[in-house]
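Hi,

Here is the structure I promised to pass on.

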Amino acid sequence: MAVVTRVRDLRAPVGHPGEVAYPDKVLGDDEEVVRHLHPHWLTVFWPIVLFLVLVGVASFGAALVPDGEQQARWRLVVVGAAVVLALLLVAVPLLRWRTTHYVITTHRLLFRTGVLSRHGRDLGLSRITDVSYRQTLWERVINSGTLSIETAGEGGPTVLSAIPDSDGVQQLLNQLVEEDADRRAQESAAWIGEYHDRDRQHPTELF
């Protein structure tokens with residue numbers, strides 16, 4: 001438990017409103033979520049702006065419909081068109097953002113994406129060989145960035161863009177990788193010690 005305590009001290013704001021607990025069913029018995037992220041909130045900034053524009057344009061367009069028997073019908077057409085555009089250009093990006101998860105646990109890094117169809121990938125901490133990040137000047141201002149994760153046996157790095165607090169996440173992952181390596185070394189040493197103890201206590205069992 002000492003490992004988990006040291007890791008948790010590195011936690012910072014997750015970069016999205018209202019952290020949501022990740023389902024326990026995907027976690028191991030001795031695995032805990034250290035940090036749960038969505039892409040940076042600015043990825044949905046323009047869809048929200050577009051929504052406000054659509055509301056204004058639809059209201060203005062409905063007000064311009066001339067009086068007459070067809071007024072109600074044309075106003076309905078204007079509102080219906082605005083709703084369809086809002087679903088395609090606003091609701092879909094918001095859902096895509098909300099259903100994209102980057103979850104760092106004490107044992108691995110999990111990716112989950114997709115609204116209707118789902119895509120997932122897990123990277124064990126023991127496989128991660130290097131974690132780096134890069135930020136443009138604008139990304140430094142908004143505290144976002146791109147993570148590059150090198151893993152053993154992979155042809156190229158895993159690149160994650162629009163990661164909130166990319167600097168802090170990179171440091172957290174590097175420390176978790178070190179902690180995981182130490183934990184595995186201690187478990188291996190303990191197992192070897194137990195094996196030799198059994199060997200000394202019951203030498204005849206080997207024959």
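**What I found**

Among contacts in the chain (heavy atoms within 4.5 Å) between residues at least 6 apart in sequence, 52% join residues at least 24 apart. Before you read on, note that this is a predicted model, so local features need pLDDT of at least 70 and side-chain atom pairs count only at pLDDT 80 or more, while totals for chains, interfaces and linings use all residues. Residues are numbered from 1 along each chain as its sequence is written, and side-chain values use heavy atoms, with hydrogens and water left out.

**Overall layout**

The chain has five helices and seven strands; these are DSSP runs numbered from the N terminus, with helices being H or I of at least four residues and strands being E of at least two. Starting at the N terminus, the order of elements is α-β-α-α-β-β-β-β-α-β-β-α. Of the 207 residues, 34% count as buried. Buried here means under 20% relative accessible area, exposed means over 50%, and partly exposed is in between, with a 1.4 Å probe and protein chains only.

**The H2/H3 pair**

Helix H2 (residues 45-64) and helix H3 (residues 71-98) have axes that come within 9 Å and cross at roughly 180°. The axes are lines fitted to C-alpha atoms, for helices over the stretch in contact, and angles run from 0 to 180 degrees between N-to-C directions. H2 and H3 are therefore roughly antiparallel to each other (angles under 35 degrees count as roughly parallel, over 145 as roughly antiparallel, 65 to 115 as roughly perpendicular and the rest as oblique). On the H2 side the contact includes Pro-47, Ile-48, Phe-51 and Leu-54, and on the H3 side Val-78, Leu-85, Leu-89 and Leu-94 are among the residues involved. By type, the contact residues divide into 16 nonpolar, one polar and one charged.

**Strand E2 and its neighbours**

Strand E1 (residues 33-37) runs antiparallel to E2 and is joined to E2 by four bridges; two strands pair if DSSP finds at least two bridges between them. Within that pairing, Leu-37 stands opposite Tyr-102. E2 is also joined by four bridges to strand E3 (residues 108-113), again antiparallel, and Val-103 has Leu-110 of E3 as its bridge partner. E2 and E3 make a hairpin with two residues between them.

**Aromatic pairs**

Searching the whole structure gives two aromatic pairs. Rings of Phe, Tyr and Trp (its six-membered ring) pair if their centres lie within 6.5 Å; planes under 30 degrees apart count as stacked, over 60 as edge-to-face and the rest as tilted. Phe-45 and Trp-46 have ring centres 5.1 Å apart and planes at 75°, so this pair is edge-to-face. Phe-45 is partly exposed at 34% relative accessibility, and Trp-46 is exposed at 61%. The rings of Tyr-102 and Phe-111 are edge-to-face too, with centres 6.2 Å apart and planes at 80°. Both of these residues are buried, Tyr-102 with a relative accessible area of 11% and Phe-111 with 8%.

**The three-stranded sheet**

Further along there is an open sheet of three strands in the order E5-E6-E7, with antiparallel pairing. Strands E5 (128-134) and E7 (158-160) are the edges, each pairing on one side only. From one strand to the next the twist averages 15°.

**Two positive phi values**

Most residues other than glycine have a negative phi. Asn-143 has phi near 60°; Asn-143 lies in the loop between helix H4 (137-142) and E6 and is partly exposed at 37% relative accessibility. Asp-165 has a positive phi of about 50°, and sits in the loop between E7 and helix H5 (166-201). Asp-165 is buried, with a relative accessible area of 14%.

Cheers

Note on methods: Nonpolar A, V, L, I, M, F, W, Y, C, P; charged D, E, K, R; others polar.
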